[in-house]
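Please keep the sequence and the 3D view open while reading.

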Amino acid sequence: MEYAQHMADLPPSARPLTSAEILSVGTELTAGETRDTNAGELARALTVRGVRVHRLQALPDELPTVAGAFRVALDGADVVLSTGGLGPTPDDLTREAIAQVCGERPEVDPDLESWLRGLWARRGMPFPELNLKQAWLIPSATAIPNDNGTAPGWWVDRPDGRVLVALPGPPREMRPMWSDWVLPRLEARGLGQEIEIRTLRLTGIGESQVADLLGEPLLHGANPSVATYARSDAVDVRISAVAQPATDGRTARTAAEVADAAEAQVLDLLRDHVWARGETSWSAAVGERLMALGWRLATVELGTGGSLATLLGDADWLRRAESLPADHAAGEAGALERLAEAARDAAGCDVGVAVRAAPRGDDTAVSVVVASPERIHRERRLAFLGGAQGRSRAALTAAAVLLAELGRTMGDGSAENSRTVEEARR
C-alpha cells in the first residue's frame, strides 16, 4: 500500500502529525507593505518539535488563490496553519476558502455571536453587523478563543486525521492563541517526533568552502539533515536528526545517536574552524573564556568605526573600548603592540586587543594584536570586501583571534582555530 494511502486510511486520532505547511493570507504581505513574522515563529516552533515544514507561502486576498493553496497544502501536510484573513471585511477570505475546500457551509454560531455583541455592548457602542462574519463556523470547525481581538480562530479536524488551524494575523492575537490553545492540542494529538538539532558555528571559512568540504552525500541526506547557513557573524552548520527505526537489518538509533554520527563527520572536516555551538554569540564566547580566566579586556580600534566594541556589546568584562582613525601611528614599527599594551594598562585590565583595518584593493587588510599576561600575539589577515562590510569582518577577525588566544591560554586546543595569512597559504 502506498504511504499516502496508508496515512489516509488511519483513523484521525492515529495519524502522526509530522509535516506542516504555513499560509500567510493578506495582500499587504504580497505587496510588501507588511513584514510577515508569524510564519517564521510558527515554523521554528514546529521544527524544534520534530515537524518538517514543507513550505511557507504568502497569499493575496483572492478567494481562488487562497482556496487553492489550502487544497494543495491539505494534500501534502498533516498540519496546515494559516494566519490572517479573519477580519470582518469582504476582502478577509480565509473562512470562505476553508469552507470551500471542506465542502461545508459557514453559519453564524450563536455563542460566538453573543460573545461578539457583548464586546460592543460593554463599551456602549452599536454593533456593526459587518462583524457578524467573525461569528461564522463550519460544522467541522471549533472556535479558537481570542482574548485580544474580535477574530476567533478555527480548528478544523479533517476526516483523514489532518488538522487545519486558522489564526488571526496580528501577532499580539496570534501568539497567545497559538501557545495557549493550539499548540497544547496539537501535542496531545501526537505532534512531531523525537528530534535532535545541533548547530556548529564556524569562522575563517566561507559557506561555499564549507559546502565543498562537507560534500553532496552529507548535505543531501534526508536523515540526518545537514545544511549550511551564511550568517552575519559566522557560517553555521546545522544538523537535524530524527530517530531511525530498525529496518533491513539496520539497528535502530535514537535521534541523538544519528546526530552524533553526523557531528563526528562534520568535526573531522571542519574542527579547526568551529568556535561555538548553538546560538552562542561572539560576546558570549569571549566572555565565557575571560570569566573562566578571571580576566578583563580593553580594546583599541583603528579604521573599524568601533565595530569590535559593537560586536562585543555592553559587558562587565569590557572595561575600555577606544576607536581611532586608521592612519593613527601608521607606519610606526610596533605601534599596534604598544597600543594594545597601553589600552590594557590604562584600563587596569589583563588583556588588551588592538585591531587595524585598512583598504587593500577591494578587500580589507586586518592586523590584530592581543597583549595578555603571558605574551604579545599578532596576526595579519585579509578580510573579504571593503567598506562597511570589510570593517565588520575586521571585527569578527579580531574576535576570532582573541578567542583562539584565550583558548590557547586555557589549554583547550582552541588556538588551532587561529591561523595567520602566511600559515593559511602554506
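Two strands count as paired if DSSP finds at least two bridges between them. Strand 1 (residues 19-25) and strand 3 meet that rule, with five bridges in a parallel run. The model is predicted.

- Six strands make an open sheet in the order 2-1-3-8-7-6. The pairing is mixed.
- Strand 2 (52-59) and strand 6 (141-144) are the edge strands, and each pairs on one side only.
- From one strand to the next, the twist averages 15°.
- Strand 3 also pairs with strand 8 (residues 163-167), again over five bridges and in the parallel sense.
- S82 of strand 3 is the bridge partner of L23. S82 also stands opposite A166 in strand 8.
- Helix 4 (residues 63-76) packs on this sheet and touches strand 1, strand 2, strand 3 and strand 8. The direction of helix 4 makes about 175° with that of strand 2.
- T83 has L167 of strand 8 as its bridge partner.

**Burial of strand 3**

- How many residues of strand 3 (residues 79-83) are buried? Five of its five are, and the strand is mostly covered.
- V79, L81 and T83 point one way from strand 3, while V80 and S82 point the other way. All of them are buried.

- Four strands form an open sheet in the order 10-11-9-12, with antiparallel pairing.
- Which strands stand at the edges? They are strand 10 (225-230) and strand 12 (274-277). Each has a single partner strand, so one side of each has no neighbour in the sheet.
- The twist here averages 25° from one strand to the next.
- Strand 9 (residues 195-202) and strand 12 run antiparallel and are joined by three bridges. L202 stands opposite V274 in strand 12.
- Helix 8 (residues 207-214) packs on the sheet, touching strand 9, strand 10 and strand 11. The direction of helix 8 makes about 160° with that of strand 10.
- Helix 10 lies across strand 9, strand 10, strand 11 and strand 12. Helix 10 runs at about 15° to strand 9.

**Q244 in its loop**

- Q244 sits in the loop between strand 11 (235-242) and helix 10 (255-270).
- Is Q244 buried or exposed? Its relative accessible area is 11%, so Q244 is buried; the cut-off for buried is under 20%.
- Setting aside neighbours within four places in sequence, Q244 is in contact with N223, R250, T251, A252, R253 and V258.

- Strand 16 (residues 363-371) is mostly covered, with eight of its nine residues buried.
- Strand 15 (residues 351-360) pairs with strand 16 in the antiparallel sense over nine bridges. A358 stands opposite A365 in strand 16.
- Strand 15 and strand 16 form a hairpin with two residues between them. In the turn, G361 has a positive phi of about 65°.
- Strand 16 and strand 17 (residues 376-383) run antiparallel and are joined by eight bridges. The bridge partner of A371 in strand 17 is I376.
- A hairpin of four residues joins strand 16 to strand 17.

**Helix 3 against helix 7**

- Two packed helices are described by the angle and the distance between their axes.
- The axes of helix 3 (residues 38-47) and helix 7 (residues 171-188) come within 11 Å and cross at roughly 15°.
- Angles under 35 degrees count as roughly parallel, and helix 3 and helix 7 are therefore roughly parallel to each other.
- Helix 3 passes helix 7 in a right-handed crossing.
- Helix 3 makes the contact with N38, E41, L42, A45 and L46. Helix 7 makes it with P171, M174, R175 and W178.

**Cysteines**

- A disulfide needs a pair of cysteine sulfur atoms within 2.5 Å. By this rule the count is zero disulfides.
- C102 counts as buried, at 12% relative accessibility.
- C349 counts as buried too, at 10% relative accessibility.

Technical notes:
Residues are numbered from 1 along each chain as its sequence is written. This is a predicted model: local features need pLDDT of at least 70, side-chain atom pairs count only at pLDDT 80 or more; totals for chains, interfaces and linings use all residues. Side-chain values use heavy atoms; hydrogens and water are left out. Buried means under 20% relative accessible area, exposed over 50%, partly exposed in between (1.4 Å probe, protein chains only). Contact means heavy atoms within 4.5 Å. Axes are lines fitted to C-alpha atoms, for helices over the stretch in contact, and angles run from 0 to 180 degrees between N-to-C directions. Angles under 35 degrees count as roughly parallel, over 145 as roughly antiparallel, 65 to 115 as roughly perpendicular and the rest as oblique. A crossing is left-handed if the near helix is turned anticlockwise from the far one by less than a right angle, and right-handed if clockwise.
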